[in-house]
Amino acid sequence: MYSLIGTAKLNDIDPQAWLADVIARISDIPVSRLHELLPWEWNAAALQVKAA
């Protein structure tokens, strides 16, 4: 758990928001897209949504 929180912090992500989103989405996402839930991918997706 510590490594997940640490990785999120290193990627300038709120660990609580990231974990809540991952837990909510993980059952609905195909295996081929699981990489999108990694902190560095999640951060990029969140920035794209904010920019739009």
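Predicted model: local features only at pLDDT ≥ 70, side-chain atom pairs only at ≥ 80, totals over all residues.
Reader: How many helices and strands does the protein have?

Author: The protein has three helices and zero strands, and along the sequence the pattern reads α-α-α. Helices (H or I, at least four residues) and strands (E, at least two) are DSSP runs, numbered from the N terminus.

Reader: At what angle do the axes of helix 1 and helix 2 cross?

Author: The axes of helix 1 (residues 2–10) and helix 2 cross at roughly 115 degrees and come within 9 Å. Axes are lines fitted to C-alpha atoms over the stretch in contact, with angles from 0 to 180 degrees between N-to-C directions. Helix 1 is therefore roughly perpendicular to helix 2, a description that covers 65 to 115 degrees.

Reader: Which residues of helix 1 and helix 2 meet?

Author: From helix 1, Leu4, Ile5, Ala8 and Lys9 meet Pro15, Trp18 and Leu19 of helix 2. Contact means heavy atoms within 4.5 Å.

Reader: Which residues of helix 2 are buried?

Author: An α-helix has 3.6 residues a turn, so residues three or four places apart point the same way. In helix 2 (residues 15–25), the buried residues are Pro15, Trp18, Leu19 and Val22. Seen down the axis, these residues fall within an arc of 95 degrees, so they line one face of helix 2; the arc is that of the directions from the axis to the C-beta atoms. The face turned away from that buried side carries the exposed residues Gln16 and Ala24. Buried means under 20% relative accessible area, exposed over 50% and partly exposed in between (1.4 Å probe, protein chains only). Across the 52 residues of the protein, 21% are buried.

Reader: What is the phi of Asp12?

Author: Most residues other than glycine have a negative phi. Asp12 has a positive phi, near 55 degrees, and is a residue other than glycine. Asp12 lies in the loop between helix 1 and helix 2 and counts as exposed at 71% relative accessibility.

Reader: Where does Trp40 lie, and which residues does Trp40 touch?

Author: Trp40 lies in helix 3 (residues 39–51) and is partly exposed, with 46% relative accessibility. Leaving aside residues up to four places away in sequence, Trp40 touches Thr7 and Asn11. Thr7 and Trp40 are 33 residues apart along the chain, and their C-alpha atoms are separated by 8.6 Å.

Reader: How far apart in space are Lys9 and Pro39?

Author: Lys9 and Pro39 are 9.0 Å apart, C-alpha to C-alpha, and 30 residues apart in sequence. Lys9 has its place in helix 1 and counts as exposed at 54% relative accessibility. For the protein, among contacts with a separation of 6 or more, 33% join residues 24 or more positions apart.

Definitions and conventions. Residues numbered from 1 in each chain as written. Heavy atoms only, no water. Parallel < 35°, antiparallel > 145°, perpendicular 65-115°, else oblique.
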